Amino acid sequence: MIRLLQLLLKNGGFVTLVFVELFCFVIIVQYNTKQADIWANTADIYGGRVLEKRQNVVDYFSLADRVDSLNRALDSVQARLANVRQMQVSIRDTAFLFSYDTIIGTDSVRRKTIRPEYEFVTARVISNSISSANNWLIINRGSDDLVGPHMAVVSPNGIVGITRHIGKHFSIAMSVLHRQTRISASLKKQNTFGSLVWEGGDPEVMTLKDISKHFEDKIKPGDPVVTSGYSVMFPKDISVGTVMGKATPDPENPHFLVVKVKLSQEMSDIHEVAVVRNLYSEEIDSLKQMIKQ
Amino acid sequence: MNSSLIPSIWRFLGLVAVQTLLLKQMGAAVDSIYFNVLLYPLFVLFLPMELSAPIAVLLGFAVGMAVDLPYGTPGVHASAGAFSAFAKPIVIAVVGPKGGFTSKELIFSPHHVSWQTFLQGSSLFFFLHLFWYFSVDAFTFVYFSSIIFKTVAALFLTMIFVVLYAAMFNPKR
C-alpha cells in the first residue's frame, strides 16, 4: 500500500488521474441513472459484438463436429434415397407409386410391409493403394459403427470396394482393384448384366464379363454401367463407369462378350465413402444356404 | 501540514458553499440547460504552483465530490475536478512566460501574474473543465454540438464570476 502511494507520487499526476477517473467512472455509472442507462446500452452493443466474434471463433473450432453431424445427416438422406428406389421397385407391382414421405406419414400398414433395406455409414479413407496386384483400403469405421464384413463401400461417384476385415474402430476393405473382385453390374441402356472384374494394370479400367452374345452390336462407347442389384452388398443403380471401346468375344468363353469399363470414381482420389449395410443380409444368406444343401 | 495550504482550505469551504448554496439556486431559478456557473474550479486554479501533481489531482477530485453530493451527481464534478487539476500545470505552461515562472509566484492569481495572463490562463482552464464536465454529464459524444454550446455559454457566464472574484480577493497565496 505504501509502495503504491510512493509509485503514485513519483510518477506524477497522470497515473493518479487515471486511477481517480476510473474510480469516478465506477461511481458515475453506479449512482447516476442517466449515465448508467447510457453505459448499459453501450455495453450491450459492444458486448453483443464481442459475443458474436467469440461465437465465430467457437464455430470455427467446432467445424469438425459439424462436418460429422452433416455426414450423419447425409447417411440418413442416402439411406432414404436408396430405400425410395427400393420401394419404387416393390410398389411397381401394385401399379402405385408413392413417395417415401407419403408412405411414412400416412400409412402405417404399408410402412410395416415396405421397410428400408439399406443403411449407410459414412467413413473416411485413411489408407489406399492402387498400384499392387491386389489393392486395399482402410476406413475409419469398425464394428462399433455396425460395419461388418462383406459390405459394399461406395463414394458419391461410384463403387469403391467391399469390407473384409473388421476392427473395433477401423476396417480393411478390398478395393475394386483386386483380383478377387466380382461385382454384378449391368449395362443400363441394354438392360443386361455381367460380372465386373479387374484384370490388373490400369487402375481406371475394369472389365465387364459374361454379357450375352446378341448385345454385340448394341453396346456403344460411353454407355453407362451401374450395379445390377443382384447382390446382397451393392444396392441397384450405383454408378460404376462408362463403356470403353467395343464389346469383344471372351477368349476364355466365346459364347459371351467382354467390355472394358472406365470407372466413374477415380480410385486414386477417394476420401469420403459410405459403407452400405444391408439390413436383410442375414436372412438372404440363410436362404442361400438352403439352395447349397 | 504545509502552511501554504491554509488559504486553500478556506477557499475550498467558501467556494463549495457559494457553489452549492448560491449558484445552484441561481441555476434552479433560471432553469435553462445553457445557464451553468461553475466557480469551484477556482480552488484548483489557486492551488500553490509548487504542489505536486498527484496531490493536486486528489484535491481536485475532493472539491468536485464536495459539490457533487449536494448536486446529486456523484462522480461527475469529481471527474472534471481531477481532470482540470491535472491540466492546470499544462495551461499555465502554455500561457506563462518562456522558461516558466520563478519561485516568487506562489499561485496563479492576478497578484502574481499579469491580468492578461490570468484571463488567458483561466479562460483556457475553465474551458477544459467545463468541456470535460459536460462530456461526462452527457456521457456520450453523440450530442457533441450540444456539449460545445453548453461549454461556451457556461464559460461566458463563469468568467464573469471569476473576474469578480479575482478583483475582490486577488489572493496572494
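Let's begin with residues 88-111 of chain A, where pLDDT stays under 50. This is a predicted model, and for that stretch it has 14 contacts beyond four places in sequence.

How does chain A score on average? Its average pLDDT is 81, and 85% of the residues score at least 70.

Now for the fold of chain A. You can trace seven helices and twelve strands in it. Of its 293 residues, 28% count as buried. If you take the contacts in chain A between residues at least 6 apart in sequence, 58% of them join residues at least 24 apart.

Where does it sit? Look in the loop that runs from strand S8 (205-212) to strand S9 (224-227) of chain A.

On to the partner chain. Between the two chains, 17 residues of chain A are in contact with 19 residues of chain B. On the chain B side, the elements that give two or more residues are helix H3 (53-71) and helix H4 (76-95). By class, that side of chain B has 14 nonpolar and five polar residues, and no charged ones.

Let's stay with H3(B), and look at how it packs inside its own chain. Two packed helices are described by the angle between their axes and the distance between the axes. For H3(B) and helix H1 of chain B, residues 6-30, the axes come within 10 Å and cross at roughly 25°. Angles under 35 degrees count as roughly parallel, so H1(B) is roughly parallel to H3(B). The crossing of H1(B) past H3(B) is right-handed.

Who meets whom? From H1(B) we have Phe12(B), Val16(B), Gln19(B), Thr20(B) and Lys24(B). They meet Val63(B), Ala66(B), Val67(B), Pro70(B) and Tyr71(B) of H3(B). Sorted by class, this helix contact has seven nonpolar residues, two polar and one charged.

Methods: Residues are numbered from 1 along each chain as its sequence is written. Chains are lettered from A and ligands numbered from 1 in the order in which they are written. This is a predicted model: local features need pLDDT of at least 70, side-chain atom pairs count only at pLDDT 80 or more; totals for chains, interfaces and linings use all residues. Helices (H or I, at least four residues) and strands (E, at least two) are DSSP runs, numbered from the N terminus. A residue is buried if 20 or more other C-beta atoms lie within 10 Å of its own, exposed if 12 or fewer, and partly exposed in between; C-beta atoms are placed from the backbone. Two residues are in contact if their C-beta atoms, placed from the backbone, lie within 7 Å. Ala, Val, Leu, Ile, Met, Phe, Trp, Tyr, Cys and Pro count as nonpolar, Asp, Glu, Lys and Arg as charged, and the others, Gly among them, as polar. Axes are lines fitted to C-alpha atoms, for helices over the stretch in contact, and angles run from 0 to 180 degrees between N-to-C directions. Angles under 35 degrees count as roughly parallel, over 145 as roughly antiparallel, 65 to 115 as roughly perpendicular and the rest as oblique. A crossing is left-handed if the near helix is turned anticlockwise from the far one by less than a right angle, and right-handed if clockwise. pLDDT is the predictor's confidence in each residue, from 0 to 100.
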